[in-house]
Amino acid sequence: MSASAPLLPAVSSFLSSRKQLLIDGEWVDAKDGQTFTTLNPATEDVLVEVAQASAVDADRAVVAARTAFEDGSPWSRMTPRERSHLLWRIGDMIEERAEEFAQLESLDNGKSLASARGDVGVAAELFRYFAGWATKMEGTSIPMSVPGKQFHAYTRREAIGVVAGIVPWNFPLTMAAFKIVPAITAGNTVVLKPAEQTPLTALRLGELLLEAGVPAGVVNVLPGFGDAGAALVDHAGVDKVAFTGSTEVGKKIAAGASRNLKKVSLELGGKAPNIVFADADLDAAIAGAALAGYFNEGQCCVNGSRLYVQRSVFDEVVEGVAAAARAIKVGDAFDPATTMGPLVSAEQHEKVMGYVRGAVSDGATIAAGSPDAAADRGYFFAPTLITGVTEQMAVQTDEIFGPVVTAIPFDTEDEVVAAANNTVYGLAAGVWSKDLGTAHRVGGRLRAGTVWLNTWHADDVTLPRGGYKQSGWGRELGSFGLDDYTELKTVIAELR
């Protein structure tokens, strides 16, 4: 660890304390006493033992969340304005502890401190943004046309009930906020299951929520494995499941939720096409392609992992992206020179290496990077660019979730649009062209929930996020995301 970034005393204190489940406002052990270890992916050292939730613990948490939601509870009596003030206060508290959260995130996930600081800022802003929505969940009055009678008809937006939030390991704190914030803004209660690889910032957030004054049972945190998540999906007391993760697991959640038709929102996998036309600002497109492909160690569902470049500039763009990849400093998160940390786990590291080795054996060429580990210790992997790829290769069709970009030349607009859309995914896409007509026309033809034109990863909490096809159901963030955490009720009164 770099001497320039020592652990804060608050982080050392947190790591030295017992890591339990948060249920009904209390920190408790798992009912069966089970624990698991969470590792530092840069060193492979154990950070701490964490209580491992089971189906029994999931039931305890759902019962607590249901009790907290019911009429007459402190949470149900809290006014929208009070919820708004609470949310804003939490945002301020996160910002005040930003470095603490960033260090915990870097230790647990591996990402650089700079990246982790950005994630913490987004989490704080989510609480502040949705604080404004708590007082604006409005209905509408609708005129009725019934001869000889008069009616007053209107709609109400009401909380759904108990929400199970199941989040991934690539943006642990931000994804936890994605589920918790809109849910409690609308008046729901939450059972959050963080990824088993990265439970620490979710647990620290649980502490902060209690400190801020969130009533007992409103937010419960259950670190654990897939069995705990499955128990939440199956539980009759859960009214909605909000999941971010792989398409494979998303399908299982949708199937499980269908047994009692609970509501489901899913943000799933992606294999985003990034299209560079010959008339693009190539310097910007090359830098953008490197950002699109290698951001967050490549562990981001909207990353542009399929690079399509018009043939006349293909070699120039490939050389530029390869140089950008080689310039990325892979290392420990606490080293100020690091711009890319390790992958999150041994399993993920082996998966990414397997895809690159498979591509080479299928005849592809590595323009930058390597099919091997970048260090003897830690789950480091060099940013990799692959050419000579066909549309049938697994490295081109599958979501790898690592710093691997494939590059393929194209000739015509119709050709590249067909190739870009030839995927089961539809989460994100991008187009680079100085011709705004080309950029907007091609962007309109791409089947994806987010399309970037002459940029990548530009984002804001006001914008909806979600995907087409097997990239998910529903939208998160903005007013659109809030709708997914409410029921729409129609009220009709006859005026006599």
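Reader: How many residue pairs are in polar contact between domain 1 and domain 2?

Author: In this predicted model, the count between domain 1 and domain 2 is 8 residue pairs in polar contact, with both residues of a pair at pLDDT 80 or more. On the side of domain 1 that touches domain 2, the largest share, 4 residues, is supplied by helix H5, residues 98-109. That side of domain 1 divides into 8 nonpolar, 10 polar and 5 charged residues.

Reader: Which side chains meet in a salt bridge?

Author: A salt bridge requires a side-chain nitrogen of Lys or Arg within 4 Å of a carboxyl oxygen of Asp or Glu. Here the side chains of Arg377 and Asp45 form such a pair, at 2.5 Å from N to O, and the count between domain 1 and domain 2 is 1 salt bridge.

Reader: How many residues of each domain are in contact, and what area do domain 1 and domain 2 bury between them?

Author: From domain 1, 23 residues are in contact with 24 residues of domain 2. About 2,000 Å² is buried between the two domains, and 59% of that area lies on carbon and sulfur atoms.

Reader: What feature does UniProt place at residues 27-491?

Author: The unreviewed UniProt entry places "domain: Aldehyde dehydrogenase" there, and over residues 27-491 the chain is 40% helix and 19% strand, with the end C-alpha atoms 41 Å apart.

How values were computed:
Residues numbered from 1 in each chain as written. Predicted model: local features only at pLDDT ≥ 70, side-chain atom pairs only at ≥ 80, totals over all residues. Heavy atoms only, no water. Contact = heavy atoms within 4.5 Å. Buried area = accessible area lost by both parts, 1.4 Å probe. Polar contact = N/O pair within 3.5 Å; in protein donor to acceptor, adjacent residues only side chain to side chain. Helix = DSSP H or I, 4+ residues; strand = E, 2+ residues; numbered from the N terminus. Nonpolar A, V, L, I, M, F, W, Y, C, P; charged D, E, K, R; others polar. UniProt positions renumbered as here; feature names shortened; annotations may be inferred.
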